[in-house]
Amino acid sequence: MAFSKAPIETPPGAPSLTHRFGTMAVHAGSPHDPVTGAVIESISLSTTFAQTAVGKPVGKYEYSRSSNPNRDNFETAVAALEHAKYALAFASGSAVTATILQSLDFGSHVISVSDVYGGTHRYFTQCAKAHGVEVTFTPEIEIDVRDHIQKNTKLIWIETPSNPTLRLVDIRAVATAAHEHGIKVVVDNTFLSPYVQNPLDHGADVVVHSVTKYINGHSDVVMGVAAFNSDKLQERLSFLQNAGGAVPSPHDCWLAHRGLKTLHLRAREATINATSVAQALAASPHVISVNYPGSDSHPHRKIAIKQHRDGMGGGMLSFRIKGGEGASERFCQSLNIYVLAESLGGVESLVEVPSTMTHAGIPKDQREAVGIFDDLVRISCGIEDSEDLTADVLQALEKAVVFPKIQNGLAVQNGHVE
Ligand code: P1T
């Protein structure tokens, strides 16, 4: 059984890297069926594939955990869009994280940015030790990465933008320091998608995604993917993909591939919407601060201009509301269009409070050290109309900050003691 897959080859006539993003999103990994002419691939549900003699499969497939046509096609498309030689799809974004950490030797050390997705933090702090991997967290990785490098440091983990504070990391600066010591750099690109940022072009060795988010884009698939150029890594990760078995179903690969074909359209709309919502929030007297990398006021705006397509900010933002935890909860419940739910990157707008939802597992002092306060609200802008999304946020802010007229004997109005 083949555990290591061959490099992705562009079929004759298929779009190449000289084509633009939208053309590749629609056509990469999407050959028409040579027998029936079907333009859309069929879903290959077969778990096993016939052999004409012992050890001689009819085609390139043997058993669907090892590889199958829908997963191959999806991986081909992601590799093209992330400017990578290889891509490997997994059952979830978390399975990608776990497999990459499992690929390290026992006794390895990892440096990670502090504000990562709560589930990534959980794996790093509660699971990695079991296979002998220690993780050091740092909030300012570009500044102090060299101070944290040890003899056994093998990997640097970056999330840019970070979840949920939207901090950015200069990938090139970190990769330069890492490569001086033979250390690999992984970038979690979930918040932006390959349309807005291609981390391999900035020196990263591996780019990972929770496909559950922008790549699939319709909140109906849980999946992950890693893309990279190294032949050695391909051999190791595809071995672990097969041995660990955390693989996506053919149906999920088909759905995610269909979603990917409109990624550029969705990412543009989400960016337009997030820009408009961020501007409205920044102008509101009920808001303490707004984290949006598309805003000129973002502290890492220069990095966005360097690393993101046309300096786009993407569809994600977070903000601190005046009035504490109570106000953040009232805000979420006062919205009419946004759905109060975890996850992000779908066509529908979502809202959540990270301190009690996605990042509740991180101890409060560590959370607050990276800016995840109880009054922080995270928004994932979908592709609805920006006027509606902005109006909904403004009306919810008014409701969220209106307290009873008298509180502790003091008159209050609009959330502020008068
Ligand atoms: O949910 P899963 O497909 O396993 O992906 C994990 C993951 C990895 N990386 C980032 C940056 C993520 O945001 C996530 C999942 N995040 C959420 C579910 C969330 O609401 O933030």
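How far is a nitrogen atom of the ligand from an N or O atom in the side chain of aspartate 188? The answer is 2.7 Å, a polar contact (N or O atoms within 3.5 Å).

Some ground rules. This is a predicted model, with local features needing pLDDT of at least 70 and side-chain atom pairs pLDDT 80 or more, while totals for chains, interfaces and linings use all residues. Numbering starts from 1 along each chain, and side-chain values use heavy atoms, leaving out hydrogens and water.

Oxygen atoms of the ligand lie 2.8 Å from side-chain N or O atoms of serine 210 and of arginine 378. The protein buries 93% of the 470 Å² that the ligand exposes when taken alone (Shrake-Rupley, 1.4 Å probe). Around it sit 17 residues, each with a heavy atom within 4 Å. They divide into 3 nonpolar, 9 polar and 5 charged.

Now salt bridges: a side-chain nitrogen of Lys or Arg within 4 Å of a carboxyl oxygen of Asp or Glu. The count is 13.

Take lysine 85 and aspartate 231, at 2.7 Å, N to O. They are 146 residues apart, with aspartate 231 in helix α8 (residues 231-244).

Next, aspartate 115 and arginine 167, 3.8 Å apart at the closest N and O atoms. Both sit in loops, so the pair ties together parts 52 residues apart in sequence. Buried or partly exposed? Aspartate 115 is buried, at 3% relative accessibility; arginine 167 is partly exposed, at 25%. Buried means under 20%, exposed over 50%, partly exposed in between (1.4 Å probe, protein chains only).

Last, a network: salt bridges link Lys364, Arg367, Glu368 and Asp374.

Definitions and conventions:
A polar contact is a pair of N or O atoms within 3.5 Å; within protein, one must be able to donate a hydrogen and the other to accept it, and residues adjacent in sequence count only if both atoms are side-chain atoms. Ala, Val, Leu, Ile, Met, Phe, Trp, Tyr, Cys and Pro count as nonpolar, Asp, Glu, Lys and Arg as charged, and the others, Gly among them, as polar. Helices (H or I, at least four residues) and strands (E, at least two) are DSSP runs, numbered from the N terminus.
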